[in-house]
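Student: I'd like to learn how to read a structure like this one, feature by feature. Can you walk me through it?

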Amino acid sequence: MMRVLVFLSVCAAFLQTPGLAAEDSLAPENDEPRLPEKERRLDESFFSALENALNMNIAARISEAGESAVWNVESNECTVSGRSVSVKLVGKNIVIIAEFTPYVGADNSIVLVAQGQVWIASPEEPLKYLSALTSIPVNLGERVLFFPLGVKSLEASADNTYDIELEIKILPRLLAEKGGSSR
Amino acid sequence: MCPDKQLLSAYCDDEVPSPWKERLASHLEECEACRKTEGLYRSLGRALREVPSPAFDLEAASARLAARLARRKRGRLPLWKKRVSLPFTAAAAAALLIFGSGVGLCLAFRGGGEDAGGAAVSSRENLAAIKDMNELLEVLDRRGRAGEVFIKLPETGDFELKGNPVFLREAEFSGGGRR
């Protein structure tokens, strides 16, 4: 019982602290004029859509023999829970399609359903198809990496082939706009 | 044969493309029943258009949204710059809570990193139907996907497989000793 009371007092103290409670909310301030019901509902729809929007930061990198990236490209896509973002990478002898679908739970936890498909051609073998599918619980801002060519073992790091790496990071859209995506 | 109601309704809304539109028009000239239904749909459409629709001032809503976003950006201070006043007991309880959470997290991390979620599936097969990359690209383009990010890889060098494609959380990858 005592622990519950202490916990409640901590919560109450945090809620009374200006700038912490509802900090990320786009709710109107008290001094704003009260809007008619119609406008208020329209605003709420806008704000709700904006607050639930996610920013998916996509970075593709190519590195040589486990060294730092020799080529990279970055892109940002806006999405919402349940809507997938598809990334297609096309090279001379390779096509990669990766599809990422974030699902946001009631407790704001995120499960990222990731599907990867790879088509690769080589002079010795016919066109090959590989795929991977997984669901990954992630935190906001946590990076998920996709290695379409597989992960090279440490022993084999002396070869001169290229590695492809796709990095995905999900942040709330509003936070990403503020530059919260920097490393 | 008479068109169904959905098709007739689409025709009235001018949503049926040629040559089906012309064929429906010629059918309507001959079929009185369909003409009646068409008249009903058109009069319904007219009646609905006459109902005053709620006028939303989207520009004003957009301005309000922009103002709140700007206020939010101005008002967001880094956590360490915020003024927080807590009663002594609450502060002590918070410190205990943070300490307890830290210990809990440490114990959780020591428990291993096998929480990667659902089962990962990986497969490898030969694609018999498609012979070369150009044909593959044509097939994939025909599929078409909304919200697709297209990235052209540099033409230099061929890529080689090192294993099966794999998804990893960054923490798992770093744990593997690569970084």
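Tutor: Let's go from the overall make-up of the chains to a few local features.

Student: What should I know about the model and its numbering before we start?

Tutor: This is a predicted model, so to speak of local features we need pLDDT of at least 70, side-chain atom pairs count only at pLDDT 80 or more, and totals for chains, interfaces and linings use all residues. Residues are numbered from 1 along each chain as its sequence is written, chains are lettered from A and ligands numbered from 1 in the order in which they are written, and side-chain values use heavy atoms, with hydrogens and water left out.

Student: How many helices and strands does chain A have?

Tutor: Helices (H or I, at least four residues) and strands (E, at least two) are DSSP runs, numbered from the N terminus. Chain A has three helices and eight strands, in the order α-α-β-β-β-β-β-β-β-β-α from the N terminus on.

Student: And what is the pattern of chain B?

Tutor: Chain B has seven helices and three strands, and its pattern along the sequence is α-α-α-α-α-β-α-β-β-α.

Student: What share of each chain is buried?

Tutor: Buried means under 20% relative accessible area, exposed over 50%, and partly exposed in between (1.4 Å probe, protein chains only). In chain A, 44% of the 183 residues count as buried; in chain B, buried residues make up 22% of the 179 residues.

Student: What about the accessible areas of the chains?

Tutor: Those come from the Shrake-Rupley method with a 1.4 Å probe, and for residues only the protein chains shown count as cover. Chain A exposes about 9,200 Å², with 54% of that supplied by carbon and sulfur atoms. Chain B exposes about 13,100 Å², and there carbon and sulfur atoms supply 59%.

Student: Which residues make the contact?

Tutor: Contact means heavy atoms within 4.5 Å. From α1(B) come B:Leu7, B:Leu8 and B:Tyr11, and from α2(B) come B:Lys21, B:Leu24, B:Ala25 and B:Leu28. The buried residues of α1(B) are B:Leu8, B:Ala10, B:Tyr11 and B:Cys12, and they pack against α2 and α3 (32-50) of chain B.

Student: What is worth a look in the loop between α1 and α2 of chain B?

Tutor: Two things. B:Pro19 is found in that loop, and a cis peptide bond joins B:Ser18 and B:Pro19, with omega about 0°. B:Asp14 lies in the loop too, and its phi is near 60°, a positive value in a residue other than glycine. At 56% relative accessibility, B:Asp14 counts as exposed.

Student: Where in chain A is A:Asn108?

Tutor: A:Asn108 lies in the loop between β4 and β5 of chain A. Its phi is near 65°, again positive in a residue other than glycine, and A:Asn108 is exposed, with a relative accessible area of 59%.

Student: How do I read aromatic pairs?

Tutor: A pair of aromatic rings is described by the distance of the centres and the angle of the planes. Rings of Phe, Tyr and Trp (its six-membered ring) pair if their centres lie within 6.5 Å; planes under 30 degrees apart count as stacked, over 60 as edge-to-face and the rest as tilted. A search of the whole structure finds four such pairs over all chains. The rings of A:Phe100 and B:Phe167 have centres 5.9 Å apart and planes at 90°, so that pair is edge-to-face. The pair crosses between chains, from strand β4 (residues 94-104) of chain A to strand β3 (residues 166-169) of chain B.
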